[in-house]
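Please keep the viewer open as you read.

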Amino acid sequence: MWGRDTARINPMVKKYLAAAVLAGGVVALAQSKHSPIDKFRQMEEVFPTPNEYRNASGAPGHKYWQQKADYKIKVEIDDATQKLTGSETVTYHNNSPDTLTYLWLQLDQNIWDPNSDAITTRTAPNFRQLPFRSAAALLRDPFPGGYNIQSVTDATGGKLPYTIVKTMMRVDLKDPLLPGGKFVFNVSWDYNITNSKWLPGRTGYEFFQKDGNYLYAMAQWFPRLAAYYDVYGWQHKQFLGQGEFTLEFGDYQVEITVPNDHVVAATGVLQNPQQVLTAKWRERLEQAKKATKPVMIVTEAEAIEAEKGKPTGKKTWIFHAQNVRDFAFASSRKFIWDAQLHTAGGHNTMAMSFYPKEGNPLWEKYSTQAVIHTLNTYSRYSFLYPYPTAISVNGVVNGGMEYPMICFNGPRPLEDKTYSSRTKYGLISVVIHEVGHNYFPMVVNSDERQWTWLDEGINSFLQYLSEQEWEEKYPSRRGEPRSITEYMTSDIQEPIMTNSETIINLGSNAYHKAEVGLNILRETILGRELFDFAFREYSRRWKFKRPTPSDFFRTMEDASGVDLDWFWRGWFYTTEHTDISLESVKLYSLDTRNPEVEKPISKARKNEEPVSISEQRNKTLHRRIQDYPELADFYNKFDEYAVTEKDRAEYKKFLDTLEADEKAALVQGFNFYVMDFKNVGGLVMPLILQIEYTDGTSDLQRIPAEIWRKNNVAVSKLHVTRKEIKQITVDPFLETADTDLTNNHFPRKPVKSPFQLFKDRKETNPMQDLKDHAKPLSDSTSGAQ
C-alpha cells in the first residue's frame, strides 16, 4: 500500500530531522537558472507607482479628486412611433488640477447605427446551430438607430462646436475650463428606440402582441459625460457592446413625459406624486411604509384594466436623484407595482417591483423579497445602502441590467403560469445580482469600460454569499471552486486582467473566475474574519469614489496584514490552473542502534518479503545437502538476527557518547512520512491535507502557499506520527479549484465513471420510408369524388 523505504534512519541525522520538523518538514529544491520563475515575486513592478491621488496602502490619496456632472433633463416617449426625444442642461464641475479645453460625452445609442464598429465588426454566426430568431434578425432591414444630435449650445444659447466620433462626442469649449471651474451647456437629441426582440441589449421596448401594449426600459438614453480621472485622463474607449460604462457622479432632475395611463419607475424619488398617482395608490404607498411584506400599489386587476384602455393625454413624472452616476427609467400601462419599506441603520429605503401580469405568479412572490434580502446581506458585507429607493423591473432584457436605484430583470413563468426550478432561482439570483450592483459599481464607482471583473466579479461573489443566506442548499450556479475547473483548463481561458471588450468568454472570466478567486481568498487563504474586515475596508475607502484593480489588491493586503502578491499574480494575471499531485509517500522509521530492538525488526521485515515464484516451485527439489549432511557447517545454523554480546557492547559504547537530549531522540515508535507533491497546473496554492489513520482517527493540515516559495514545481512535506497512515487526500473539501482530482489521493483511488448501454438502431431503406409514410388510398382520393 505505501511506498515504504526499507532504509532505517541513522541517528546521526537526528539533528536534521529535528530541524526539518521545526521548519514545517519542508524539503524543497532552491530556485535555479533552469527554473527561474518566482511565483512570489512582489507586484510593485506591475502595479502603478503610488502617488498623492492613490497611495501605497490602496486608499485614496490626500489629493484625490473626481469630476462631477449635474443634469436637468426633459424627455418624452412617443408611444405611437417608439421614439425618444430629449433635452438636457449639464453643469460640469472641473475638480481636477488640469485645465480642460474640451469635454467628451458618451453616445451609447450610436452602437445601433448600421455603420457602427459594433455592427460592422460582428463575426459570422455558427450556421450549424442557428436559432430561428437569429436567422430572422439577419434578414431584417438595418435598424435606423443612433442619436440624432439636434443641437449643442452653451448657457446663453450660443452654438458649441462638436465632433461625433462613433460612440463618443467631443464638445469644444470657447474658453479653457480652469481647475475648480464649472461649465454649463445644453444638448438636444432624439433617437428610435430599439425593439428588444430583434436587437436585444440593455435597453429598448417590449411589444406584447396579445394586448397591443408596450413596455419601455430606458437606459443609455441621454448623452452622458465620459469620465475624466487621474489614471487614464478621458475614458473615451469606444463602446462595442461588452465593456460597460465609466461615469461621473452628479445630481439629476428629470422630467419624463409619457402617455397619461402609464406607470413610471425611475432612479431617484418622485417629486410630484399628487399629479401622477391616484389617491388610492398614494394611500397604499403610505401603508407600504409600515408593512412587513410587500403591499400592492397597482394591483394586477388594475393593470389588466389599464391594458384595455387608451391614453387621453400625457403626464410628466418628475424625479430627483442625488449623487448618482447614471439615470434609468421604465414606463408602461401594463405595470403591476408592489412596495415595502426597508430600514437598516436608521436609513429608510422603499423597495419596489414593477412587472406586467406575464411576470406573475413569480414576481409578486419573489422580486421585492429578493430586493430587501440583497440590501440586508450586501450592507453587512460592505456598507449601508445609501439611496432612498431600490427597484426591480421586469421587461426588455433577457438576463438583467443594473442602474442606480433601478434594475431590469428578465425571468418570467410560462404562459400557463407554471415555471421551472431554474426559472424561479434564476429570478431570485438575477434580482440579487442586479440590485447588488447598486453597491458595485454604482457607489464603488469602478471603470467598467476598462475592467469588467472589478464590479462583476466582486458583485457575483457577494451574490453567492447572499444566495446561501436565502435558503439551505440554494442551487447557486457559481461560487464553489469546483464550478470553475473546466474553464481553468480550457483553451479560451484568459487572464482576468484582460480589457472588457476583448474577453472571449466574459461570463466565465470576469464573473465566474473572479468570484471563485474571492471565495478561495475568503475561505482558504485569509479566512472569513480577515477577509471580511479587509473587504469592508475596501468598500468603505472607495464608497462614492473610483478605484482601480491595484487599489483593491493593495487594500486587501493592507487591511488583512497578509502578502497576497502571489495570489494576485497567479489567479488574476495568468492562465495557470490548480493541479497539485501527491506523487508519492515514503515511510521512514528511526534506527535506534539498539540490537534488542532493531534485529527483531529486521528479521520480521525479512520474513515479510514475498516468496519469489522460483522459491515456491523449488520447495519440492531434492537437495544435495540431504545426501551429504557433512556439508553443513557453522553458517547453516547461524542466525544473523540473534543478538550477541558484541552487539550489546557496541550499543553501550554508542550510548556513552550521547547527551541526554540526544538519547531522548532515540525514543522508538515514531513514523516519518515524507509526502512528495508536484505542481502540475502551475498555480501555487495552499496544501490542504486530510490524513486518515488505520485506527480510525484523522488529521486536517492546512499548509500556506508559501511552502512553494523556493520551488514552485515540487516540494516534499514531512509528517511525524506514532500512527500508521491509511489514506492521504489533497484538497478534501474541494476549496482550491483543483482541476484533476485523480492525483489527489495516496494510495490512488479508482476513477468512477458511469456508462450506459444502448440498443442498436434498426436502419431503414428509402422504400420502407415511403411505405411507412404513404397516405391510405381513401384519404388521397376522397377529395376527387
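## A glutamate in a loop

E248 sits in the loop that runs between β14 (233-234) and β15 (250-259); strands here are DSSP E runs of at least two residues, helices H or I runs of at least four, both numbered from the N terminus. This is a predicted model, in which local features need pLDDT of at least 70 and side-chain atom pairs count only at pLDDT 80 or more, while totals for chains, interfaces and linings use all residues. Residues are numbered from 1 along each chain as its sequence is written, and side-chain values use heavy atoms, leaving out hydrogens and water.

With a relative accessibility of 4%, E248 counts as buried (under 20% relative accessible area, 1.4 Å probe, protein chains only). Its side chain reaches the backbone nitrogen of Y228 at 2.9 Å, and a polar contact of 3.3 Å links the side chains of E248 and R546.

## Aromatic pairs

The whole structure holds 57 aromatic pairs (Phe, Tyr or six-membered Trp rings with centres within 6.5 Å; planes under 30 degrees apart are stacked, over 60 edge-to-face, the rest tilted). The ring centres of Y425 and Y474 are 5.0 Å apart with planes at 85°, so this pair is edge-to-face. Both Y425 and Y474 are buried.

For F531 and F535, the centres are 5.9 Å apart and the planes at 10°, so the pair is stacked. F531 and F535 both belong to helix α12 (residues 528-541), four residues apart, about one turn of the helix.

Notes:
Buried means under 20% relative accessible area, exposed over 50%, partly exposed in between (1.4 Å probe, protein chains only). A polar contact is a pair of N or O atoms within 3.5 Å; within protein, one must be able to donate a hydrogen and the other to accept it, and residues adjacent in sequence count only if both atoms are side-chain atoms.
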